[in-house]
Amino acid sequence: MILDLDKFLGVHANALKLHERRTELLANNLANADTPGFKARDLDFRSAMAAATGPAANAGQQVTHYAGQGDSGNLQSGDLSPGSTEAFIKYRTPLAPSLDGNTVDAQLEQSAFAENAVRYQATLSLLSTQIRTLMTAITGQ
Amino acid sequence: MSSFKVFDIAGSGMAAQSVRLNTVASNLANAESVSGDPKLAYRAKHPVFEAVRANILAGHGKDAGSAVRVKGVVESDKAPEARYEPGNPLANAEGYIYAPNVNVVEEMVDMISASRAYQNNVEVMNTSKELLLATLRLGQ
């Protein structure tokens with residue numbers, strides 16, 4: 001195939017999926033802000049992105065410092081099946097642990113959620129640009 | 001589609017917080033419901049929250065996000081406050097009435113906390129909706 005669409009969209013398609021997964025995790029943390037014993041979780045975005053992009057990703061779009069540790073067996077280049085991100089979900093280190101064992105800091109989660117939303121939108125606009133480029137090439141206008 | 005899970009999660013949070021608001025309303029409304037029998041006096045009710053693991057969100061890896069639910073509503077064990085009011089029609093033979101073990105200040109604080117948590121979940125839902133709509137407009 002002359003044009004590999006996945007390759008053309010580059011890291012952005014993967015980034016979008018990871019941001020979406022992070023949205024879920026942060027939403028869950030906020031929903032469980034008053035659940036006794038609940039431990040807040042977050043996605044290690046850097047590692048997840050490195051694994052999703054893979055060591056043999058497109059030149060120029062590669063995430064540097066790919067550590068490659070852990071279960072590299074099921075983490076092939078571009079593999080973003082639902083199970084593959086689970087390895088990068090970590091528990092948050094609480095700043096002020098509460099007596100009931102809950103480690104959700106609502107303010108921290110809120111700011112992380114807002115940040116994630118902005119990054120999601122940034123990725124969306126980058127993807128949009130890529131698609132517009134492609135449309136221009138196809139229609140020639 | 002997996003994006004809609006955020007709505008399930010935020011929705012479960014809103015449902016749980018509204019149960020909490022309901023119990024607060026019940027406790028505040030009954031703060032002065034006295035009784036002649038300590039066993040029949042109103043007791044403060046409090047919901048207990050529990051994290052749900054992948055039950056309502058099956059089919060996404062081993063632990064795909066989760067949600068929250070109300071495990072149950074517990075009644076406070078604190079002894080009702082006895083007051084000596086022989087003129088009260090509800091008073092027992094010794095002239096005592098029993099006031100509920102509701103701490104109004106605690107309930108007000110609980111109400112504010114529940115309301116803030118509810119607002120957080122609404123905000124999560126709104127933001128997710130906007131992001132999803134923007135995704136649908138992708139390439140236009």
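**Figure 1. Helix α2 of chain A in the predicted model.** Helix α2 of chain A covers residues 11–31, 21 residues in total. From its first C-alpha to its last, α2(A) reaches 30 Å, close to the 30 Å expected at 1.5 Å a residue. Most of α2(A) is covered, with 17 of its 21 residues buried. For chain A as a whole, 28% of the 141 residues count as buried.

**Figure 2. Secondary structure of chain A.** Chain A has 4 helices and 2 strands. Along the sequence these elements follow the pattern α-α-β-α-β-α. Of the contacts in chain A between residues at least 6 apart in sequence, 74% join residues at least 24 apart.

**Figure 3. The largest nonpolar core, with 35 residues.** The members that touch the most other members are A:A27, A:L30, A:A31 and B:A10. Each of the following supplies at least two residues of this core: α2, α3 (45–53) and α4 (106–139) from chain A, and α1, β1, β2 and α2 from chain B. The element that gives the most to the core is α2(A), with 8 residues.

**Figure 4. Surroundings of B:A10.** Neighbours within four places in sequence are left aside here. B:A10 is in contact with A:A27 and A:A31 from chain A, and with B:N121, B:V124 and B:M125 from chain B. A:A27, A:A31 and B:A10 are among the core residues that touch the most other members.

**Figure 5. The contact between chain A and chain B.** Chain B brings 30 residues to the contact and chain A brings 27. On the side of chain B that touches chain A, at least two residues come from each of α1 (5–29), β1 (45–53), β2 (66–75) and α2 (104–136) of chain B. The most come from α2(B), with 9 residues. By class, this side of chain B has 13 nonpolar, 13 polar and 4 charged residues.

**Figure 6. Packing of α4(A) with α2(B).** The axes of α4(A) and α2(B) lie 10 Å apart, and the helices pack at an angle of about 10°. Because angles under 35 degrees count as roughly parallel, α4(A) is roughly parallel to α2(B). From α4(A), the residues that meet α2(B) are A:A106, A:Q110, A:F113, A:A117, A:Y120, A:Q121 and A:L124. Their counterparts in α2(B) are B:N120, B:V124, B:T127, B:L131, B:A134 and B:T135. The residues of this contact divide into 8 nonpolar and 5 polar, with no charged residues.

Notes
Residues numbered from 1 in each chain as written. Chains lettered and ligands numbered in written order. Predicted model: local features only at pLDDT ≥ 70, side-chain atom pairs only at ≥ 80, totals over all residues. Buried ≥ 20, exposed ≤ 12 C-beta atoms within 10 Å, placed from the backbone. Contact = placed C-beta atoms within 7 Å. Nonpolar A, V, L, I, M, F, W, Y, C, P; charged D, E, K, R; others polar. Expected span 1.5 Å × (residues − 1). Core = buried A, V, L, I, M, F, W, Y, C linked by C-beta atoms within 7 Å. Axes fitted to C-alpha atoms, helices over the stretch in contact; angles between N-to-C directions. Parallel < 35°, antiparallel > 145°, perpendicular 65-115°, else oblique.
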